[in-house]
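The sequence and structure are shown first.

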Amino acid sequence: MIAAVVTVSDGVAAGERDDLSGDLLEQLLAEEGFEVRRTVVPDERDSIAAAIAEAAEGARLVLTTGGTGVAPRDVTPEATLDVVERQAPGLAEAIRADSVAKTPHGLLSRGVAGIRGRALVVNLPGSPGGCRDGFAVLRPALRHALELLAGEQTAH
């Protein structure tokens, strides 16, 4: 099964910083048996939306990292909402609740989650720790969510 990681970062896109969060997500997804495809885009709404839409064409899961805070260039949630067809607010709420329990900075996260076609799209923070924690929240429901999106019979 294919998963995509879309890193949203001006610094990584310009080659000024390493993509530590993207590297971590690739490792976590590979450990879950996913084939991982990666993309890096700057903090530009149209570029982010296009990368998510393209990734969702071939992947069952699209995780973004970065651009979910309150800084002026943090527009990943808006770009995500531009391309998802349905929202999945429980996922974003659970990730945010877990983050708030660990740091008051979690209150500043604006990440969203939704569905485009048969792909699940989830915004994660731009830090490796935030990605690790967010993926840990997502992991228990991930397979079931992807089975449902694929139209497979599941036990409820």
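By class, five nonpolar, four polar and one charged residues line the largest cavity; here Ala, Val, Leu, Ile, Met, Phe, Trp, Tyr, Cys and Pro count as nonpolar, Asp, Glu, Lys and Arg as charged, and the others, Gly among them, as polar. The lining consists of Thr-68, Ala-92, Ile-95, Arg-96, Ser-109, Gly-111, Val-112, Asn-123, Leu-124 and Pro-125. Helix α5 gives the largest share of this lining, three residues, and both α5 and β6 (119–124) supply at least two residues each. The volume of the largest cavity is about 50 Å³, and the structure holds one cavity of 30 Å³ or more.

The model is predicted: local features need pLDDT of at least 70, side-chain atom pairs count only at pLDDT 80 or more, and totals for chains, interfaces and linings use all residues. Residues are numbered from 1 along each chain as its sequence is written, and side-chain values use heavy atoms, with hydrogens and water left out.

The largest pocket has a volume of about 180 Å³. Its lining comprises 15 residues, of which Ser-99, Thr-103, Gly-106, Pro-125 and Gly-130 are the closest to its centre. The elements that give two or more residues to this lining are α5 and α6. By class, the lining of the largest pocket has two nonpolar, ten polar and three charged residues. On a 1 Å grid over the protein atoms alone, a cavity is a set of points where a 1.4 Å probe fits but cannot get out, a pocket is an open set with protein on both sides within 12 Å along at least five of seven lines, and lining residues have an atom within 4 Å of a point.

Two packed helices are described by the angle between their axes and the distance between the axes.

| Helix pair | Axis distance | Angle |
|---|---|---|
| α5 (residues 89–102) and α6 (residues 128–149) | within 9 Å | roughly 130° |
| α2 (residues 20–31) and α6 | within 9 Å | roughly 30° |
| α3 (residues 45–58) and α4 (residues 76–83) | 8 Å | about 50° |

At the angle of roughly 130°, α5 is oblique to α6; angles under 35 degrees count as roughly parallel, over 145 as roughly antiparallel, 65 to 115 as roughly perpendicular and the rest as oblique. The crossing of α5 and α6 is right-handed. Leu-91, Ala-94, Ile-95, Asp-98 and Lys-102 of α5 make the contact with Asp-133, Gly-134, Val-137 and Leu-138 of α6, contact meaning heavy atoms within 4.5 Å. Five nonpolar, one polar and three charged residues form this contact.

From α2, Leu-20, Ser-21, Leu-24, Leu-25, Leu-28 and Leu-29 take part; from α6, Pro-128, Cys-131, Arg-132, Phe-135 and Arg-139 do. These residues divide into eight nonpolar, one polar and two charged.

Notes. Axes are lines fitted to C-alpha atoms, for helices over the stretch in contact, and angles run from 0 to 180 degrees between N-to-C directions. Helices (H or I, at least four residues) and strands (E, at least two) are DSSP runs, numbered from the N terminus. A crossing is left-handed if the near helix is turned anticlockwise from the far one by less than a right angle, and right-handed if clockwise. Grid points are joined across faces, edges and corners, and a volume is the space filled by probe spheres set on the points.
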